There are 4 protein chains.
Amino acid sequence: MVSFDCDYNRGAHPEILKKLIDTNFEVQPGYGFDEYTASAKEKIKKACGGGDIEVEFLTGGTQTNAVVISTMLKDYQGVIAADSGHVSVHESGAIEYSGHKVLSIPGHDGKLQAADVRAWVDNFYGDATYEHMVIPGMVYISQPTELGTLYSKAEIEALTEICRERDMLLYIDGARLGYGLMSDESDMTLEDIARMADVFYIGGTKVGALCGEAVVFTGGCRPAHFMTSVKKRGALLAKGRLLGAQFDALFTDDLYFKISRHAIKMSEQIKEIIREKGWEIYLLTPTNQQFVLFDEKQMEEIGSKVGFDRWAPYDETRTIVRFAGSWSTTQEDIEALRKV
Amino acid sequence: MVSFDCDYNRGAHPEILKKLIDTNFEVQPGYGFDEYTASAKEKIKKACGGGDIEVEFLTGGTQTNAVVISTMLKDYQGVIAADSGHVSVHESGAIEYSGHKVLSIPGHDGKLQAADVRAWVDNFYGDATYEHMVIPGMVYISQPTELGTLYSKAEIEALTEICRERDMLLYIDGARLGYGLMSDESDMTLEDIARMADVFYIGGTKVGALCGEAVVFTGGCRPAHFMTSVKKRGALLAKGRLLGAQFDALFTDDLYFKISRHAIKMSEQIKEIIREKGWEIYLLTPTNQQFVLFDEKQMEEIGSKVGFDRWAPYDETRTIVRFAGSWSTTQEDIEALRKV
Amino acid sequence: MVSFDCDYNRGAHPEILKKLIDTNFEVQPGYGFDEYTASAKEKIKKACGGGDIEVEFLTGGTQTNAVVISTMLKDYQGVIAADSGHVSVHESGAIEYSGHKVLSIPGHDGKLQAADVRAWVDNFYGDATYEHMVIPGMVYISQPTELGTLYSKAEIEALTEICRERDMLLYIDGARLGYGLMSDESDMTLEDIARMADVFYIGGTKVGALCGEAVVFTGGCRPAHFMTSVKKRGALLAKGRLLGAQFDALFTDDLYFKISRHAIKMSEQIKEIIREKGWEIYLLTPTNQQFVLFDEKQMEEIGSKVGFDRWAPYDETRTIVRFAGSWSTTQEDIEALRKV
Amino acid sequence: MVSFDCDYNRGAHPEILKKLIDTNFEVQPGYGFDEYTASAKEKIKKACGGGDIEVEFLTGGTQTNAVVISTMLKDYQGVIAADSGHVSVHESGAIEYSGHKVLSIPGHDGKLQAADVRAWVDNFYGDATYEHMVIPGMVYISQPTELGTLYSKAEIEALTEICRERDMLLYIDGARLGYGLMSDESDMTLEDIARMADVFYIGGTKVGALCGEAVVFTGGCRPAHFMTSVKKRGALLAKGRLLGAQFDALFTDDLYFKISRHAIKMSEQIKEIIREKGWEIYLLTPTNQQFVLFDEKQMEEIGSKVGFDRWAPYDETRTIVRFAGSWSTTQEDIEALRKV
């Protein structure tokens with residue numbers, strides 16, 4: 001059955017798989033010292049505009065968030081995030097496992113507003129007993145957000161500004177960064193991201209790779225002995241080539257951007273179909289995730305024809321349902337959806 | 001200057017100090033194996049109604065919360081607390097330091113409503129991906145709350161009920177438990193607390209001791225090798241007698257209850273004075289903390305005559321100010337307040 | 001250049017790669033709910049003799065050790081290991097990161113002797129202050145060891161016995177388990193391992209997979225909500241199929257055992273060559289790792305012809321050097337070595 | 001019965017108790033902002049030779065070690081200690097609880113030799129894979145050691161030298177520092193300690209206080225937001241005056257040194273008596289702890305007359321027994337020992 005459940009239910013993009021096959025029997029050093037890792041790092045650095053950029057590869061999103069946040073925060077610091085942020089709710093307490101608190105602030109359709117962050121931080125430092133509290137050391141946002149919504153460049157710049165004023169790092173979770181950058185509504189490039197964030201990651205798992213995320217540190221902020229800290233968290237792959245080769249493929253001939261753009265095109269058609277069919281809209285977004293409300297009958301009837309994700313209960317009778325486009329969505333998939 | 005800032009700005013109640021002096025030169029084993037610790041445990045157990053009760057002493061409130069919560073939660077669990085709960089905001093991330101998340105729910109004047117907990121937990125288990133989230137394993141409340149408000153017996157019983165239904169422990173932070181139990185509005189006894197909670201602590205630091213909290217485990221729920229876990233957290237005193245002797249004094253001739261009752265009587269007079277003077281009320285409580293709103297002029301004028309605590313900014317012109325009665329507040333202190 | 005550096009410097013065994021390719025475009029649920037994961041679990045369970053066995057997949061060895069040890073130890077417990085054990089020295093403190101101490105005991109060529117463990121534990125419990133120490137809750141061994149040496153069945157059974165007597169779990173790190181089981185000197189089967197250990201893992205990364213280790217829990221000892229604990233440690237793959245498909249291939253038609261046996265045959269020839277050439281022997285083992293001592297001239301001359309691993313400095317003039325056979329070593333590689 | 005079991009089985013020195021009594025009813029701010037804490041810090045700073053010195057108070061020794069080590073090590077670092085060091089064996093894993101490994105090196109009568117540390121560190125950095133290991137960031141020693149032995153100034157200076165060469169901090173656990181400095185064999189002063197160590201603590205619990213240790217940071221190495229980190233570890237006392245007043249008394253009129261000197265004089269007499277009686281010597285030290293070997297008959301007979309500590313089993317028939325002199329040992333106690 002055709003599936004729009006999520007963007008990680010197929011294997012790898014053929015070009016990525018090809019790279020793994022082509023390089024399979026080469027002897028390469030372990031732990032990320034292979035030539036594909038080196039090549040991928042160079043390509044990503046270049047795509048980020050070069051300069052004072054360092055790139056490291058990790059395996060998955062939660063792992064990346066935990067490694068980045070826990071190695072960059074100081075002992076007494078926590079990370080500010082939207083209450084719907086992945087680190088706030090969907091990581092089984094991975095940040096807390098590292099001994100750091102997630103300081104949740106209400107988001108707006110998944111987005112953290114600079115004004116809210118500013119007010120929160122002002123209020124924090126206005127409290128005479130703030131040394132009895134967790135001191136904010138980082139702001140975490142997802143671009144696009146967990147709900148598929150998109151920050152504008154001005155919105156992120158405003159966050160960068162408050163971060164620099166208050167000595168906080170800005171960290172962008174880019175699990176689906178490609179789908180954000182290639183959105184029709186995006187007004188920013190990867191270079192902009194690299195300029196605005198202190199650290200961010202370019203998601204591979206949800207954008208065509210079998211696994212893997214590329215962490216980008218800007219301005220020389222990569223923690224010292226990062227490899228040791230990664231190993232300490234059980235996150236160092238012996239065959240680092242698995243990550244290096246995949247990202248080398250993703251950043252050859254703009255593959256990452258091309259397949260992200262493809263997903264956006266598919267997703268735009270999904271939105272059209274949703275509107276055509278008159279399905280009740282919960283949230284349509286400019287990226288690859290669209291949310292509608294289905295009643296039980298729709299759940300059953302439509303669910304018998306195509307796959308979608310039961311996102312959350314909405315009320316007594318309706319469920320929030322997600323349709324995701326992805327790098328692997330085909331025009332045939334779209335036509336199947338049109339016919340339900 | 002007379003001070004109503006807080007309930008921990010004087011040393012110890014004279015009877016406690018006397019006990020320390022009287023026993024000072026006795027040879028006693030270390031690490032809580034002294035006879036005063038044994039005696040204090042027996043007395044507290046009796047005061048709790050006996051039965052399957054075990055008592056352990058720790059030094060301070062945050063330490064107690066961190067030790068209790070982290071030794072009783074399972075790896076995958078977190079603790080539900082009101083957003084104003086001490087563990088949520090004022091422990092510098094001590095719970096997170098232990099690797100566990102505090103699951104904050106909006107409180108009502110500092111109190112967690114059973115209905116809100118039930119809704120939250122129902123919603124949690126209704127989510128198909130709840131295994132990607134922190135599983136609730138404990139409910140934390142403070143009696144009285146950080147705002148001085150008081151749960152009724154029915155309110156706590158309702159929390160006990162949802163906890164038992166959903167396999168969660170109920171933990172009561174009793175930093176100021178005496179001031180709660182001795183309140184005119186209290187409808188419960190220490191025995192009730194021991195029956196409703198799985199684990200709770202009887203606060204000493206804020207009720208006449210130099211330091212020390214008595215943790216009470218009911219129903220055999222004390223973690224195995226608790227002493228080792230306490231030591232592991234740097235919380236085992238070599239001279240355990242310091243805690244044992246103080247609690248032995250506090251639970252001799254009902255001292256704990258008597259001095260708590262005294263604080264309540266003082267606090268009731270503070271409320272009277274607040275009303276007489278027409279100060280703008282922010283929150284008057286049935287326990288030992290009262291909150292008013294002062295403008296800058298009041299802050300200065302009244303602040304030059306008596307001490308109070310600047311709790312938090314309220315708006316552009318007013319500040320929330322706390323007046324606390326305590327075991328050490330005297331009738332002379334009250335008269336000084338009446339004269340400001 | 002032909003390489004004998006290690007057993008993880010090539011990609012995946014062709015059968016494994018084929019499985020990934022064949023299943024690449026299938027829609028499969030994430031997080032290990034795919035059909036290949038289910039199939040692989042079933043096959044491994046069967047290979048372990050069935051019964052009360054549960055299987056879970058993780059990505060790498062250090063991660064597996066950290067996840068298993070930290071979810072199975074109680075708060076007050078630590079893990080006993082040989083001083084040369086991977087958890088003792090080569091995990092950048094991953095076990096300590098989880099809050100648990102590694103209790104190192106001198107090994108004998110990498111092996112922990114039951115008599116030493118017994119003496120250590122007897123001594124431990126003979127200490128009146130043992131509650132101020134870390135209580136042993138698990139014994140960790142590697143089969144084969146980090147040095148390529150092999151435990152006999154009787155040796156492991158003796159460890160099982162002391163573990164059961166003293167309420168400790170026996171955990172076997174099987175990063176190279178295949179190379180151990182297929183050794184000419186092995187007197188045990190996978191079923192024996194499953195009977196003797198409480199928990200162990202079957203290593204994939206070093207035995208033909210791109211990544212992946214299969215943890216086997218026996219006797220119902222899998223921790224509750226294991227998936228949540230895995231996620232909490234950043235170790236849950238979104239595309240769990242990557243692990244499932246690989247292990248499904250490895251446990252189809254005994255591939256795991258066949259390729260392990262192949263490595264042993266290659267390694268036996270390496271030993272022959274070492275002896276023929278009269279290289280100074282440091283340690284020859286019945287598994288896939290052989291250690292010789294090279295002086296600087298040998299390092300340079302031989303190192304210019306074939307790859308090997310500089311294991312450790314030995315003395316002023318000599319270096320311990322490792323030659324590893326693996327699933328990917330070919331007869332041509334062996335001939336190249338013979339010719340150096 | 002007269003007791004030589006340990007140096008923490010009586011309450012507080014009368015001068016300390018007097019200070020607590022005298023200041024008991026004064027209103028003082030909490031959390032270490034009281035005037036006695038300020039005064040004590042000033043006095044200790046002066047005793048350390050002034051300059052770039054900062055002092056903080058904590059409650060007990062294990063807590064102090066855990067707080068200091070975990071706030072000063074970087075994520076990827078561990079602490080080197082003698083295998084008999086308190087942090088290595090008797091803290092129930094408190095250092096590991098903070099996520100850091102204790103790197104144990106064999107000691108000599110409890111002392112860590114600079115040459116051994118140098119060899120260990122050279123070997124460490126000589127290993128090509130050291131980034132897979134825990135990087136040494138601190139050296140921990142106890143002065144005097146857990147066995148009562150004493151480092152010479154030259155020995156500590158040699159440790160300071162290797163620490164500065166290898167970018168490691170030198171931390172001295174001074175749980176019994178007074179007994180070390182006042183030993184007849186001591187060739188150093190508190191100022192020397194402050195010059196040689198980066199951080200150390202002056203033990204109160206075992207030198208006349210009810211509880212409390214004074215941490216001394218030199219050269220501006222106190223971690224930022226130290227109070228928040230202390231609170232995070234449950235180690236911040238609400239009534240900080242309890243620690244401040246005690247140390248204020250201890251550092252008034254050289255009380256700390258006088259009572260330490262007294263303990264040494266008592267201990268020298270204990271040594272004389274041990275020799276006179278011909279008891280089998282295990283280890284006599286220049287500080288306040290003396291160790292002899294008793295057979296079962298001696299254990300019983302002498303044990304019926306005076307108290308001593310059963311340190312550890314020695315062999316089938318003999319036990320290592322400790323006699324400790326302390327600030328509270330009286331000449332009458334000594335005479336009682338002479339008469340057994």
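Analyst: The loop between strand 4 (135-142) and helix 7 (153-165) of chain D contains D:Pro144. Helices here are DSSP runs of H or I with at least four residues, strands are runs of E with at least two, and both are numbered from the N terminus. The model is predicted, so local features need pLDDT of at least 70 and side-chain atom pairs count only at pLDDT 80 or more, whereas totals for chains, interfaces and linings use all residues. Residues are numbered from 1 along each chain as its sequence is written, chains are lettered from A and ligands numbered from 1 in the order in which they are written, and side-chain values use heavy atoms, with hydrogens and water left out.

User: Which peptide bond joins D:Gln143 and D:Pro144?

Analyst: Most residues other than glycine have a negative phi, and most peptide bonds are trans. The bond between D:Gln143 and D:Pro144 is cis, with omega about -10 degrees. In chain B, a cis peptide bond likewise links B:Gln143 to B:Pro144, with omega about -10 degrees. B:Pro144 belongs to the loop between strand 4 (135-142) and helix 7 (153-165) of chain B.

User: What is the phi of B:Ser92?

Analyst: B:Ser92 is not a glycine, yet its phi is positive, at about 50 degrees. B:Ser92 sits in the loop between helix 4 (86-89) and helix 5 (94-97) of chain B.

User: What describes two packed helices?

Analyst: The angle between the axes and the distance between the axes describe such a pair. Axes are lines fitted to C-alpha atoms, for helices over the stretch in contact, and angles run from 0 to 180 degrees between N-to-C directions. In chain B, helix 1 (residues 14-22) packs with helix 11 (residues 241-250) at an angle of about 135 degrees, with the axes 9 Å apart. Helix 1 of chain B is therefore oblique to helix 11 of chain B (under 35 degrees is roughly parallel, over 145 roughly antiparallel, 65 to 115 roughly perpendicular and the rest oblique). Their contact (heavy atoms within 4.5 Å) involves B:Glu15, B:Ile16, B:Lys19 and B:Leu20 of helix 1 of chain B, with B:Leu242, B:Ala245, B:Gln246, B:Asp248, B:Ala249 and B:Leu250 of helix 11 of chain B. By class, the contact of helix 1 with helix 11 of chain B holds six nonpolar, one polar and three charged residues.

User: At what angle do helix 6 and helix 7 of chain A cross?

Analyst: The axes of helix 6 (residues 114-126) and helix 7 (residues 153-165) of chain A cross at roughly 20 degrees and come within 9 Å. Helix 6 of chain A is therefore roughly parallel to helix 7 of chain A. A:Ala114, A:Val117 and A:Arg118 in helix 6 of chain A meet A:Ala158, A:Leu159, A:Glu161, A:Ile162 and A:Glu165 in helix 7 of chain A.

User: Where does D:Ser186 lie?

Analyst: D:Ser186 is in the loop between helix 8 (177-181) and helix 9 (190-196) of chain D. The side chain of D:Ser186 reaches the backbone oxygen of D:Met188 at 3.2 Å.

Conventions: Nonpolar A, V, L, I, M, F, W, Y, C, P; charged D, E, K, R; others polar. Polar contact = N/O pair within 3.5 Å; in protein donor to acceptor, adjacent residues only side chain to side chain.
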